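Please look over the structure below before reading the notes that follow it.

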Amino acid sequence: MQETILILDFGSQYTQLIARRVRELNVYCEIHPFNKIPKDLSEVKGVILSGSPFSVRDAESPVPELENIRGKLPLLGVCYGAQFLAQHDGGEVLPSKIREYGRANLGFINQDCKLMHGMSNNSQVWMSHGDTILNIPENYDIITSTETVEVAGFKVRDEETFGIQFHPEVYHTTEGAVLLKNFIVDICGCHQQWTPDSFVETTVEALKQKLGNDKVVLGLSGGVDSSVAAILLHKAIGKNLYCIFVDNGLLRKNEFEDVLYSYKDLGLNVKGVNASDLFLDALVGEEEPEKKRKIIGNTFIDVFDEEAHLIQDVKWLAQGTIYPDVIESISVKGPSATIKSHHNVGGLPDFMKLKVVEPLNTLFKDEVRRIGRSMDMPSHILDRHPFPGPGLGIRILGDITREKVRILQEVDHIFIQGLRDDDLYNDVWQSLAVLLPVKSVGVMGDERTYENVVALRAVGSTDGMTADWSHLPYEFLAKVSNKIINQVKGVNRVVYDISSKPPSTIEWE
Ligand code: XMP
């Protein structure tokens, strides 16, 4: 049995963060929309109700059906979750008269309450809500208060049901981990046995059962997710895993050979397919970013399909889909459930008629890396910066030619190698070079030049949804810029991108 914490999502921006905090305690958890509570709760040891952009006073506010949970399983409501419980049980929730946003301190803590064990007096917490619980129902006890919020936390008498009006999952709640551990370990009784090693063991076993002697095909991209998925599957089914690595002509310099070599080194049964000409010919003259993406995506499917058909009796298609791609998040515009589109896998062909196996679809990105580490995968694969499927194709602005690919590969190589040499590679989340569709005047020796401009970009981020430009040292930028202009024929100017996301994006197209 897999001990599970169920997180019911009411649309808060912090819901995924709650899940990560629970998992950091080595306890497995799943996020489900508030209106899609699983029927089988036999593995669930406790439930957390998330926050929400809604007010419980809205006519449209999300209302969960908790009959199978209330009083039967430990329950913790966070912000909206707490306000929902209080109002549902006859308490009063009203718009807050004072600002309840930002840092606050827990001046009163009932140390006898299991949830609050070990929290220090005046512990700092993070509040973020427009409503507040003014009156609690009769069978509720206040377990903690701040100077301005009396009902910062409550417990329902004779029930393991709790509510807190602050966010234990955010960094600014300094003892949030203590509180969550109290709930998950002491109150729910979870054993904290969900570790990378145990994940590998149970997943490999489950894959063996599921796949038996069937053949599986997987498209490797050189990225972390498909690589870790491949190694897991390889452990389960060995040579029955057929990996395909396609060179689309838009990879980084030497990447095809380097990556292919390291995969073979890992023992994978991998076939490298050089399809550069097919991609580059299909792209001739196309300037529009979305059309370029489509051409690259469709050509990939054609190549992959042809290769997959060469494998006799292949039954399964394996994908490196990760948890954020499959979480159903509730739309903040209404309680109807929407599913995020798969960023990388949207276009995979139904016509291949293969069953799909996705061994990483319960994991967050950092967990995928940890699993990879526990399987002794090399850091040059695990710590690679993200690289988009369309590759350099969306970093050559406008139309793509072989000469432009060559220039950008050289520039990119000098930049990335420079980051590695100066120990800066792991300080940034993603780094890239962009070839701009403008020329600029320069002077080299006595000659006037009129050549290409490239932009360098390095960003810090956790998931690519938001990002800030990295403050790389001036000396480093100067060195790299000199090297690029001196060594890459066709470039006479280098600029550094200092925009954050939002309002900009990470890629330029
Ligand atoms: P943006 O440019 O939207 O990028 O800020 C966010 C993250 O997504 C990557 N990206 C892509 N990945 N296919 C991919 O596989 C794409 O078409 C694509 N476009 C952007 C980007 O590199 C960054 O990590």
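Leaving aside its neighbours within four places in sequence, Thr 144 is in contact (heavy atoms within 4.5 Å) with Leu 106, Phe 108, Ile 109, Met 116, Glu 150, Val 151, Ala 152, Gly 153 and Phe 166. This is a predicted model, in which local features need pLDDT of at least 70 and side-chain atom pairs count only at pLDDT 80 or more, while totals for chains, interfaces and linings use all residues. Residues are numbered from 1 along each chain as its sequence is written, and side-chain values use heavy atoms, with hydrogens and water left out.

**Thr 144**

- Thr 144 lies in strand β9, which covers residues 140-146; strands (E, at least two residues) and helices (H or I, at least four) are DSSP runs, numbered from the N terminus.
- With a relative accessible area of 0%, Thr 144 is buried, a word that here means under 20% relative accessible area, whereas exposed means over 50% and partly exposed lies in between (1.4 Å probe, protein chains only).
- The side chain of Thr 144 reaches the backbone oxygen of Phe 108 at 2.7 Å.

**Cysteines**

- A disulfide is a covalent bond between the sulfur atoms of two cysteines, and the rule used here asks for a pair of cysteine sulfur atoms within 2.5 Å.
- By this rule the count comes to zero disulfides.
- Cys 79 is in no disulfide, and the nearest cysteine sulfur, that of Cys 113, is 17 Å away; Cys 79 counts as buried, at 3% relative accessibility.

**Domains**

- The domain assignment, which is automatic or from a database, gives domain 1 (4-187), domain 2 (196-382) and domain 3 (401-496).
- The centres of domain 2 and domain 3, taken over C-alpha atoms, are separated by 29 Å, and eight residues of domain 2 are in contact with nine residues of domain 3.
- Domain 2 and domain 3 bury about 800 Å² between them, 42% of it on carbon and sulfur atoms; buried area is the accessible area (1.4 Å probe) that two parts lose on being put together, summed over both.
- Arg 252, Lys 253 and Leu 280 supply 65% of the area that domain 2 buries against domain 3, more than any other three residues.
- Between domain 2 and domain 3 the count is four salt bridges, where a salt bridge is a side-chain nitrogen of Lys or Arg within 4 Å of a carboxyl oxygen of Asp or Glu.
- Glu 410 and Lys 253 meet through their side chains in a salt bridge (3.3 Å, N to O).

**Salt bridges within helices**

- By the salt-bridge rule the count comes to 24.
- Glu 24 and Arg 21 form a salt bridge (3.1 Å, N to O), and because they are three residues apart in helix α1 (residues 15-24), they are separated by about one helical turn.
- Arg 293 and Glu 290 form a salt bridge (3.2 Å, N to O), and both lie in helix α8 (residues 289-309), three residues apart.
- Arg 370 forms a salt bridge with Asp 366, the closest N and O atoms being 3.5 Å apart; Arg 370 is partly exposed at 35% relative accessibility, and Asp 366 is partly exposed at 27%.
- Arg 20, Asp 366 and Arg 370 are linked in a network of salt bridges.

Conventions:
Polar contact = N/O pair within 3.5 Å; in protein donor to acceptor, adjacent residues only side chain to side chain.
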